[in-house]
Amino acid sequence: MKKGIIALSLLAATAATYAQDPYIPGKGEGIAYFLPKTALEVRVIATKVTYQPGEFCQYANRFLRLNNVTAQPETYWKIKQIEVCSVGVPDSTKAYIMKLKDKDLASNMELTDDGIIKAINTSAPATEETPYKLEKTQRHPNARKYLTEEILMAGSTAKMAELTAKEIFNIRESKNLILRGQAENMPKDGASLQLVIDNLNQQEQAMTEMFTGINDREDQVFTVRLSPEEGLKDRIAFRFSEKLGILTPDDLAGEPIYVNLTSKTALGTQEEGKGKQPKGVLYNIPGKASVSVSFEGKTVFEEELPVTQLGYTEVLTDGLFDKKVNTRVVFNPNTGAIVKIDKD
């Protein structure tokens with residue numbers, strides 16, 4: 001998920017002077033930050049198809065041998081893609097304060113908008129989510145501007161349809177002659193050839209749609225976040241109906257889309273020793289889980305994903321931040337795990 005970055009430039013000492021305490025709102029001095037916990041984001045891309053019958057739809061089989069062309073407009077939905085990914089949300093049970101005592105040296109901590117730690121003494125690399133390639137309603141050519149005078153002057157719709165069908169076959173024949181190099185006036189170069197073919201294709205499409213009708217397709221993305229703590233055994237993320245599209249889990253008008261999470265370990269973080277305050281910077285070591293999505297009895301998604309709640313917490317000790325060493329750490333804001341650590 002795209003998140004803004006809050007870069008906090010702090011007057012601080014070496015990390016040997018950092019003190020790590022649990023965060024209590026209104027108490028303590030320093031920079032408060034969270035470690036993330038995992039939420040599973042289910043994303044469904046559904047396509048809305050709107051059909052408008054063509055002017056000559058009743059003649060599609062008679063003149064073009066096109067079957068199953070209906071004269072009734074309709075709107076329906078199709079599921080195009082389903083996927084699940086791990087996203088990080090602030091864990092209220094893992095909120096800490098970075099205390100800063102010595103003011104001789106400068107340090108830097110980078111947080112997300114939600115206060116999740118991203119980097120120390122450096123900047124985390126920018127991450128851009130690849131946008132989905134969503135279908136949008138396309139502009140359709142006006143078929144009537146390609147109709148000849150003979151077609152327009154025809155005395156009945158049936159005659160117009162017959163003449164239009166003949167024009168479609170003439171266009172197809174012209175394309176075949178050009179592609180075979182047998183046309184009387186061949187284009188002089190490749191660019192001209194492509195221009196002519198594109199124009200003929202557009203004319204053929206426009207006239208054919210007068211028989212087949214027009215299908216407009218538009219994609220929409222639906223998302224929901226699920227918490228592993230709430231249990232993900234046959235959890236209904238959405239429901240789907242061909243007539244109504246994506247529906248809420250409690251809308252019985254659609255078929256359920258189930259999400260399942262399977263792990264070898266029980267949910268729950270590793271407990272820290274009572275009475276002991278961690279010294280240094282805490283980070284997560286996430287566990288793994290197999291996540292699957294099923295719809296109408298078929299598995300449509302299955303992948304192994306990191307789940308922080310199945311892992312445990314560790315500490316970057318003060319020794320890594322000696323005054324003589326400039327240690328730089330980059331964290332994964334979705335899991336709280338270390339992505340990169342180096343020093344000089």
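Reader: Why is phenylalanine 240 called buried?

Author: Its relative accessible area is 7%. Buried means under 20% relative accessible area, exposed means over 50%, and partly exposed lies in between (1.4 Å probe, protein chains only), so at 7% phenylalanine 240 counts as buried. Please keep in mind that this is a predicted model: local features need pLDDT of at least 70, side-chain atom pairs count only at pLDDT 80 or more, and totals for chains, interfaces and linings use all residues. Residues are numbered from 1 along each chain as its sequence is written, and side-chain values use heavy atoms, with hydrogens and water left out.

Reader: How many aromatic pairs are there?

Author: The count comes to five. Rings of Phe, Tyr and Trp (its six-membered ring) pair if their centres lie within 6.5 Å; planes under 30 degrees apart count as stacked, over 60 as edge-to-face and the rest as tilted. One of these pairs joins phenylalanine 240 and phenylalanine 295.

Reader: What makes the pair of phenylalanine 240 and phenylalanine 295 edge-to-face?

Author: The ring centres are 5.9 Å apart and the planes make an angle of 80°. Phenylalanine 240 belongs to strand β8 (residues 235-241) and phenylalanine 295 to strand β11 (residues 281-295), so the pair ties together parts 55 residues apart in sequence. Phenylalanine 295 is buried as well, with a relative accessible area of 11%. Strands (E, at least two residues) and helices (H or I, at least four) are DSSP runs, numbered from the N terminus.

Reader: What makes a polar contact with the side chain of histidine 140?

Author: The side chain of glutamate 209 does, at 3.4 Å. A polar contact is a pair of N or O atoms within 3.5 Å; within protein, one must be able to donate a hydrogen and the other to accept it, and residues adjacent in sequence count only if both atoms are side-chain atoms.

Reader: Is arginine 65 buried or exposed?

Author: Arginine 65 has 62% relative accessibility, so it counts as exposed. Arginine 65 sits in the loop between α1 (60-64) and β4 (74-99), and its phi is near 55°, a positive value in a residue other than glycine. Aspartate 234 also has a positive phi, near 50°. With a relative accessible area of 43%, aspartate 234 is partly exposed.

Reader: How do you know that β13 and β14 pair?

Author: Two strands pair if DSSP finds at least two bridges between them. Strand β13 (residues 327-331) and strand β14 (residues 338-343) share five bridges, in the antiparallel sense. Arginine 328 has aspartate 342 in β14 as its bridge partner. The two strands form a hairpin with six residues between them, and glycine 336 in the turn has a positive phi of about 80°.
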